[in-house]
Amino acid sequence: MKNKKMVLVVFIVALNLRLGISSIPPSIGLIKQDLQLNNFQVSLLTSIPVICMGVMAFGVKRMQQQIGRDRSILFCLFILAMGTASRIIFSNYLSLVISAVVIGFAIAIIGPLLSSLIKEYFPRQTGLLIGVYSISMGVGSAAASRFSLSLADHSWPFALGIWSVLAIVAGVVWSFVMEKKTIQSSASITSSGFPLKKLQAWRMVLFFGLQSGMFYGVSTWLVELLVQKGFSRGEASQYLTIFVIVQMIFSFVIPVLMDHWGNTRRWILICGGLILLGVGCLLTNTLFLLISGIVLIGFGLGGYFPIAMLLPLQASEDPLEASLWTGMVQSFGYIVGGSIPILLGIAVDIFRSFNVFLYVMIILCSGILLLTIQGRGYENDEKSQSGE
């Protein structure tokens, strides 16, 4: 494969895109107790960065055209490191909310621009590189899920802020590799902006938002659900890590398989069926079924994320267009997805049962399946998009 260094760059940068969010759930109980928060308030700590990832993605085009893709990513890695590190120093609730906004801004810009880089350097291997992108984010999530609770033995602010070191490392690697690359300036390319008038793009937005909402819903509330079912917080955190690892593995495997077998619609239906089956298992109190449910949901959501990332790349024809399609899909999609854990927090406070998030999962997954069944096949969209 050409541009092997660029594969490393994609991996190192993407590794940071969930750390600031995934490090929160294992410590939710400690944060709630220490700061005297309710479920709605603590849900904002994972939802705010996701919503900001949506709202602030509208600035992707302006930043790319004014200071260039490479400098934008480097700048946002620095902002990400600062926002994450601030949690060690400032640990009151307002400071955590502000850091969540800063983290959301950085991720909002980095994500679409990284997709643009993939489109430029790997136009015929987007499935494989989106797999690398996805598994890297999964590694970050798994590390945060696995070690955050142990790091919280020192203090939960330390457990949240120490991940800034990886953003600094990513910035150093990015600077070293990219200074040796000659890349066409994005500012010299003209574009009409986000494809707001294309129905295909809005279908991608809805798909991205629903799958994102399911992922962050599980990431935020799985530990609390298992604690309510009688598990210790340490055991529940280990099961969250299992979910993240399974999701990570299949976020790489499925896009690679998609390059060789099956169409997009088929994989969406397969993943959706597994998610619904997994939710059914989580509604029980049987250990084997609970573990099976976690694995099945991890499989399904592991497939949904790379599919959501691949669709705008397949619909675009050049790197700038890829960043705009991805920017639109992620902007509106993350606003939808980030709102869901907040609504779940409110529902949990009202009904006093974490099972409510499972019922919402059924509704969200059913929505994706209906969208897929009733709409035109995604594989047809991919072939016909150039004529729209």
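Q: How far from the ring centre of F305 does the charged end of R18 sit?
A: In this predicted model, the charged end of R18 is placed over the ring of F305. A charge counts as over a ring if CZ of Arg is within 6 Å of the ring centre and within 35 degrees of the ring normal. For R18 and F305 the distance to the centre is 4.8 Å.

Q: Over the face of which residue does R18 lie at 4.0 Å from the ring centre?
A: R18 sits over the ring of F305. R18 also lies over another ring face, 4.0 Å from the centre, and that ring belongs to F215.

Q: Is the pair of F215 and Y216 stacked or edge-to-face?
A: The ring centres of F215 and Y216 are 5.1 Å apart, with 80 degrees between the planes. Planes over 60 degrees apart count as edge-to-face. The pair is therefore edge-to-face.

Q: How many residues apart in sequence are the parts that the pair of W202 and F332 ties together?
A: Among the eight aromatic pairs of the structure, W202 and F332 form a tilted one, 4.8 Å centre to centre and 50 degrees between the planes. W202 belongs to helix 11 (residues 199–228) and F332 to helix 15 (residues 319–351), so the pair ties together parts separated in sequence by 130 residues.

Note on methods. Residues are numbered from 1 along each chain as its sequence is written. This is a predicted model: local features need pLDDT of at least 70, side-chain atom pairs count only at pLDDT 80 or more; totals for chains, interfaces and linings use all residues. Side-chain values use heavy atoms; hydrogens and water are left out. Rings of Phe, Tyr and Trp (its six-membered ring) pair if their centres lie within 6.5 Å; planes under 30 degrees apart count as stacked, over 60 as edge-to-face and the rest as tilted. Helices (H or I, at least four residues) and strands (E, at least two) are DSSP runs, numbered from the N terminus.
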